[in-house]
Amino acid sequence: QVVNLIDKYFKRAEPGKIIFHSEKTRELLNKQKPVDPVILNKVKINLNAQGYDVRQDQATDEYLESRGKEAQIIASNEKTLVCLHTKLSASGLFEELVHLNQIKKMKEYSIKHNDTDVIENEIKAKEKVLKHRKSYNITEDEVAFLEKSINQYRRELNEIRNKN
């Protein structure tokens with residue numbers, strides 16, 4: 001199970017603020033168009049060849065839904081786990097690929113949602129997906145979700161900055 005892998009290899013993620021709760025995530029996953037399976041398969045093969053541990057199964061779905069996510073990367077110094085929902089959208093897949101590149105550029109990556117660096121990376125990744133939405137075949141529902149998410153992250157970032 002993915003949760004056992006997370007417990008075994010990674011420091012357990014602190015709950016923090018989950019911007020979209022699990023019910024909203026399930027609703028979105030049921031409405032959105034899944035990513036093209038041919039593209040997804042090529043990406044998974046490539047990630048596995050690079051040494052990433054890619055998980056996409058029912059246990060992973062349950063973990064992701066409990067976190068209010070359709071995908072998540074969990075990185076440690078020893079291992080990187082790529083968790084993908086079985087109903088993953090094109091925007092969800094390409095956003096995680098942007099995050100993988102962000103992680104490669106960082107020496108230490110924190111997965112706490114109240115960390116301003118992480119929030120800024122979330123915003124940048126979502127903006128990049130939006131910028132390339134036609135190339136990625138991102139649906140209008142996904143565009144609306146990404147825009148709403150960016151606005152919520154910006155509000156959270158402003159709240160954090162105003163406290164400091």
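1. Strand S1 and strand S3 (residues 80-84) run parallel and are joined by 3 bridges. Helices (H or I, at least four residues) and strands (E, at least two) are DSSP runs numbered from the N terminus. Two strands count as paired if DSSP finds at least two bridges between them. In S3, Cys 83 is the bridge partner of Arg 55.

2. This is a predicted model: local features need pLDDT of at least 70, side-chain atom pairs count only at pLDDT 80 or more, and totals for chains, interfaces and linings use all residues. Residues are numbered from 1 along each chain as its sequence is written, and side-chain values use heavy atoms, with hydrogens and water left out.

3. The sheet is open, with 3 strands in the order S1-S3-S2 and mixed pairing. Strands S1 (53-55) and S2 (71-75) are the edges, each pairing on one side only.

4. Helix H3 (residues 37-49) has 13 residues. Leu 40, Val 43 and Leu 47 are its buried residues (buried means under 20% relative accessible area, exposed over 50%, partly exposed in between; 1.4 Å probe, protein chains only). Seen down the axis of H3, they fall within an arc of 65°, so they line one face of the helix. The arc is that of the directions from the helix axis to the C-beta atoms.

5. The buried residues of H3 pack against S1, S3 and H5 (contact means heavy atoms within 4.5 Å). On the other side of H3, Val 38, Lys 42, Ile 45 and Ala 49 are exposed.

6. After H3 comes Gly 51, with a positive phi near 95°.

Methods. Expected span 1.5 Å × (residues − 1).
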